[in-house]
Amino acid sequence: MTKLLEGKNIVVMGVANERSIAWGITKSLHNAGANLIFTNRQERSYNKLVKLLDKHEIEPKAIISCDVASDESVQEAFNEIKEKIGVIHGLVHSVAFAKREDLQGEFVTTSRDGFLLAQEISAYSLVSVTNAAKELMTEGGSIVTQTYIGAEQVVPGYNVMGVAKASLEASVRYLAEDVGKHGIRVNAVSAGPIRTLSAKGVANFNEKSQVVEEKAPLRRNIDQDEVGDATLFFLSELARGITGEVLHVDAGFNIIG
Ligand code: NDP
């Protein structure tokens, strides 16, 4: 049987280490037969990624540097992908950032630059990479980003990132409308709390994860592999009729009042 993503070129942004959601996604996409192209920002993440790929015997098509804070860096990265790979069929956006001091205490004290930084890296970056990626998606494509329930409800401490995720989810819908006519879909996975490097910056992370274990219909948390499989679904033909959607992969936590 042909694998779901056999022959498909997929760009994965945001593997920092083996706890990263993007690493769970990488494993799912690799098992589905995808050709993988990676982008990362810090050298530390690059080194970790190279080791992980080696350990798991995954051969990347390319690993390219990209800092989403810079328009030039995004453009150069996609120019390089165009030169090296040509057409792409999918893009995984698993990138976010906020200042640690803005992820605790009261949202009302958020500074102007902290607010703008979170919006820039965590929400605007999806707009800029979608614009660059669509030029390479000449056979249609699928773009998937990662969000959190803090976009819909107040999750104490998530603060500036909750507002950035609300902006990200609205961007998913506006982008879906713009690129839909080119056969490109844009969706988001809303994952339950997962212990990653980024999650360390969020105040009371342990409590959040404990509440999910107690209250979620499945009475447990979810892991990177489950987010990986849901992202694979969005990238595959199985989701061909779905765009502008936010899919919760949270053991059902979001339905509980
Ligand atoms: P990680 O820390 O593992 O991944 C975050 C990634 O963002 C890193 O690879 C980092 O790259 C990248 N990044 C940050 N700033 C930039 C930048 N300027 N340019 C390019 N890349 C950048 O954490 P997660 O896996 O948890 O986060 C991935 C996504 O999942 C985020 O959008 C997060 O909000 C979301 N999410 C996380 C949940 C959780 O509980 N962990 C729950 C729901 C959603 P580098 O290391 O090179 O700086």
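A cavity is a set of points, on a 1 Å grid over the protein atoms alone, where a 1.4 Å probe fits but cannot get out, whereas a pocket is an open set with protein on both sides within 12 Å along at least five of seven lines; lining residues have an atom within 4 Å of a point. Grid points are joined across faces, edges and corners, and a volume is the space filled by probe spheres set on the points.

The model is predicted, so local features need pLDDT of at least 70 and side-chain atom pairs count only at pLDDT 80 or more, while totals for chains, interfaces and linings use all residues. Residues are numbered from 1 along each chain as its sequence is written, and side-chain values use heavy atoms, with hydrogens and water left out.

**Exercise 1. The cavity**

Find how many cavities of 30 Å³ or more there are, and describe the lining of the largest cavity.

Step 1. Start with the general idea: rolling a probe the size of a water molecule over the atoms shows where empty space is left.

Step 2. Count. By the rule above, there is one cavity of 30 Å³ or more, and the space in the largest cavity is about 40 Å³.

Step 3. The lining residues are Tyr 148, Ile 149, Ser 190, Ala 191, Gly 192, Pro 193, Val 212, Asp 250 and Phe 253.

Step 4. Sort them by class. Ala, Val, Leu, Ile, Met, Phe, Trp, Tyr, Cys and Pro count as nonpolar, Asp, Glu, Lys and Arg as charged, and the others, Gly among them, as polar. The cavity lining then divides into six nonpolar, two polar and one charged.

**Exercise 2. The pocket**

Step 1. Take its volume: the largest pocket holds about 1200 Å³ of space.

Step 2. Go to its centre. Of the 43 lining residues, Ser 94, Val 95, Ala 96, Phe 97 and Ser 198 lie nearest to that point.

Step 3. Assign the elements, remembering that helices (H or I, at least four residues) and strands (E, at least two) are DSSP runs, numbered from the N terminus.

Step 4. Classify the lining: 24 residues are nonpolar, 13 polar and six charged.

**Exercise 3. The ligand**

Identify side chains with a polar atom 2.8 Å from an oxygen atom of the ligand.

Step 1. Collect the neighbours, a residue being near a molecule if one of its heavy atoms lies within 4 Å of it. The ligand is surrounded by 29 residues, and the closest are Ser 20, Ser 45, Ile 194, Thr 196 and Ser 198.

Step 2. Look for polar contacts (a pair of N or O atoms within 3.5 Å; within protein, one must be able to donate a hydrogen and the other to accept it, and residues adjacent in sequence count only if both atoms are side-chain atoms). Ser 20 places a polar side-chain atom 2.5 Å from a ligand oxygen. For Arg 41 the distance is 2.8 Å, and for Lys 165 it is 2.8 Å.

Step 3. Finish with the cover: on its own the ligand has 900 Å² of accessible area, and the protein covers 94% of it. Such areas come from the Shrake-Rupley method with a 1.4 Å probe; for residues, only the protein chains shown count as cover.

**Exercise 4. Positive phi**

Which phi values do Glu 57 and Arg 219 have, although neither is a glycine?

Step 1. Recall the background: most residues other than glycine have a negative phi.

Step 2. Read the angles. Phi is positive at about 50 degrees for Glu 57 and at about 55 degrees for Arg 219.

Step 3. Locate the two residues. Glu 57 sits in the loop between H2 and strand S3 (62-65), and Arg 219 in the loop between H6 and helix H7 (224-235).

Step 4. Check accessibility (buried means under 20% relative accessible area, exposed over 50%, partly exposed in between; 1.4 Å probe, protein chains only). Glu 57 counts as exposed because its relative accessibility is 70%, and Arg 219 counts as exposed because its value is 55%.

**Exercise 5. Lys 181**

Step 1. A polar atom of the Lys 181 side chain lies 2.7 Å from the backbone oxygen of Asp 178.
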